[in-house]
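Subject: the model I promised

Hi,

Have a look at it first, then read on.

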Amino acid sequence: MVYHWRGDLRSWRLLLSLLLLAAWKVGSGQLHYSVSEEAKHGTFVGRIAQDLGLELAELVPRLFRVASKAHGDLLEVNLQNGILFVNSRIDREELCGRSAECSIHLEVIVDRPLQVFHVDVEVKDINDNPPVFPVKEQKLFISESRMPDSRFPLEGASDADIGANSVLTYRLSSHDFFILEVNSKNDENKLVELVLRKSLDREDAPAHNLFLTATDGGKPELTGTVQLLVTVLDVNDNAPTFEQSEYEVRIFENSDNGTAVIRLNASDRDERANGAVSYSFNSLVPTMVVDQFSIDPNTGEIVIRGNLDFEQVNLYKIRIDATDKGHPPMAGHCTVLVRVLDKNDNIPEIALTSLSLPVREDAQFGTVIALISVNDLDSGANGQVTCSLTPHVPFKLVSTFKNYYSLVLDSALDRETVSIYELVVTARDGGSPSLWTTASVSVEVADVNDNAPVFAQPEYTVFVKENNPPGCHIFTVSARDADAQENALVSYSLVERRVGDRALSSYVSVHAESGKVYALQPLDHEELELLQFQVSARDAGVPPLGSNVTLQVFVLDENDNAPALLAPRVGGTGGAVSELVPRSVGAGHVVAKVRAVDADSGYNAWLSYELQPTASSARIPFRVGLYTGEISTTRVLDEADSPRHRLLVLVKDHGEPALTVTATVLVSLVESSQAPKASSRALAGAVGPEAALVDVNVYLIIAVCAVSSLLVLTLLLYTALRCSAPPTEGAGPAGKPTLVCSSAVESWSYSQQRRQKACSGEEAPKTDLMAFSPSLPPHLGSVEVGEQQDLNVAHGLEVSPFKFRTYTFYLRKL
């Protein structure tokens, strides 16, 4: 029982060892098989699936396949049983030649998951190739004067197999005059020689036929046979001889075809046919000699048949044979050395290397741009080359070694002036006449951020209507950078500052890429007439460069404020003005005054007053001044007039559309006995305003005189400039807006609206005098964004100095 347990344990250990060995082989990804060449189709090679540890059922689902880079069709795998078998004929000699080792490398690929295994199948050699001689018949010419033991080398056979299958042994058919001797230095180099055993007699046997057989070491053995045909030649005792064993000739290259090189002469002491000599090139003469020269077989004259080129070959060594016509023929030998002399027939060559392009425009003097080497195939002075450069600036050539130059920077570069240089390098040799060649070098200058963005103008004036929609586009700034690529990539930003108690960025913004300026909120002319700020343009260079431009944004007024009534000073309830008027007053007596102001400007703030008709058909004995707002009697009052009158005064501005407000005035007619007290109250209330009005009139008269004088001077200067300047079409010059003085029907109006004059918010409130032209339209037109036009053109005005006759001035607190 114990013995059985131990035996079982050993079996398990052996099985475990085999499993571990198989797992190690699979893990290593390498299997080795062997197969003999010329194996038949379907020959078993190995159980590849089992050896790789793969289940047969997994081969198809996991896309089991075998691939070989060069020999994919020689071996195949049966997916049903996982056996690797021979698929087509395997020829080891075709596959590996005479290489000692020959194997087919396979890649086994399994998907899902992906695994790659490597399999080497060794191809074993079989003796399937017999020894082969290079020719079927070898001819030997042996003079009858040859002594015994003379040796004649024979060409051995070759076997495409390897190893023992390629070890050859030789045997010669039995013969009385010849034996075979084989000297084996190694298996691959065997010297086979035919040895003469005794002297030959041509008259007895002019020819001998022998058979040389080569046998390989394979099993079974394979043989190859060649016939040896030995011809016995008659004795020719004297060979031709030359006067010299070596001749030397010098000739210029590019000599014409047919030019004679040398005439040779050889003599033979024999007579008749044995002394007749013919000349030929030795069989060992290279093909290039035969291509360049020819020899007359009868005269021995060598002539040129091809163009000689010193740069290709400057020395030809020609072996000449002088052969007699004896039997057997004998030959004499000599050597002709033909030295080719150089002529200047090669143009210098230029090679550009190590181009350091492009070159930064701030590169230091002496920076190496390129290395230039020149070469001339000629020799002597014909091969001496000098280089020059055009144009000479901003680069130069510096000689570093024989026929080597450096192209270096010699002066400052500016890409914005010249972005690319086309250089010409000229190489000239020292021949006579000299030959030269040129090479072009295109040197591109790389940009450096040395130019800041530049605006077309230092300042732009923009007109924008108030109450614009939020985010509307009001202007586009554009700056140009002379640099390139990212150095010319301009981005825009606001120069942040305070506008009053608010940040500038709460009013406007600028798009960083397009430069478009947007109004972030509706602008109010009554709050802000002029918004002045700066936009910064910065490029993307390192370090970045930038510049600023100033924008003056004038907010144009729109009629967005209705007239506002001033609070009555005396009497009245519910916003109505109550006045007591004696019945004894005459026509034209001022009984009341309606006061109103408008927060707008210009025509939008020019007020007119109209008396609205009442529901009753009775004629009202009152009228209101069109521009003064004064209510006065139109006739003498009588007893028939109603004691109480309710007057509705419509106050209307001149905007488009016009905005209105209605004032109610209650007029009570009283008897003369009741008038003093009421009149005294009215008088007491009117003294202050009348006195104030007188003071204001004094200041207004002074202001009118000053402005009139300034206007006359301006008109004279303007007329002189218009007469001297050439006529222009369209808009006037861009820049600051032009002051336009306006006239109106003789009336006064003033606004008590305190507003901010400039965007800085730092100026103290002051009084200004503004004039408006009667030709000014009720609704001001807007100016297109980006157009720098004269204010007159922007408003659609045609200003003529002859139209200014009377003027109305609006005094405002700013």
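A word on burial to start with: buried means under 20% relative accessible area, exposed means over 50%, and partly exposed lies in between, using a 1.4 Å probe and protein chains only. This is a predicted model, in which local features need pLDDT of at least 70 and side-chain atom pairs count only at pLDDT 80 or more, while totals for chains, interfaces and linings use all residues. Residues are numbered from 1 along each chain as its sequence is written, and side-chain values use heavy atoms, with hydrogens and water left out.

Valine 499 is buried, at a relative accessible area of 2%. This valine lies in strand β37, residues 498-499 (strands are DSSP runs of E with at least two residues, helices are runs of H or I with at least four, and both are numbered from the N terminus). Glutamine 532 is 33 residues away from valine 499 along the chain, with 9.1 Å between the C-alpha atoms.

Now the whole protein. There are six helices and 54 strands, and 39% of the 814 residues count as buried. The accessible surface comes to about 45500 Å², and carbon and sulfur atoms account for 54% of that (areas are from the Shrake-Rupley method with a 1.4 Å probe; for residues, only the protein chains shown count as cover). If you take contacts (heavy atoms within 4.5 Å) between residues at least 6 apart in sequence, 69% of them join residues at least 24 apart.

Next, two of the sheets. Strands of a sheet pair through backbone hydrogen bonds, either parallel or antiparallel; here, two strands pair if DSSP finds at least two bridges between them.

Seven bridges join β33 to β42 (residues 546-556) in the parallel sense, and valine 464 has valine 555 of β42 as its bridge partner.

Another open sheet has three strands, β34-β40-β39, with antiparallel pairing. Here β34 (472-476) and β39 (508-510) are the edge strands, each pairing on one side only. The twist in this sheet averages 30° from one strand to the next. β39 and β40 (residues 516-519) run antiparallel and share three bridges, with valine 508 opposite alanine 519 of β40.

Finally, two loop serines. Which one is buried and which is partly exposed? Serine 255, in the loop between β16 (246-252) and β17 (260-263), is buried at 14% relative accessible area. Its side chain reaches the backbone oxygen of phenylalanine 252 at 2.5 Å (a polar contact is a pair of N or O atoms within 3.5 Å; within protein, one must be able to donate a hydrogen and the other to accept it, and residues adjacent in sequence count only if both atoms are side-chain atoms). Not counting residues up to four places away in sequence, serine 255 touches Ile304 and Asn307.

Serine 173 sits in the loop between β10 (169-172) and β11 (178-186) and is partly exposed, at 26% relative accessibility. Leaving aside neighbours within four places in sequence, serine 173 is in contact with Leu210 and Phe211. C-alpha to C-alpha, serine 173 and phenylalanine 211 are 5.4 Å apart, although 38 residues separate them in sequence.

Cheers

Technical notes
Axes fitted to C-alpha atoms, helices over the stretch in contact; angles between N-to-C directions.
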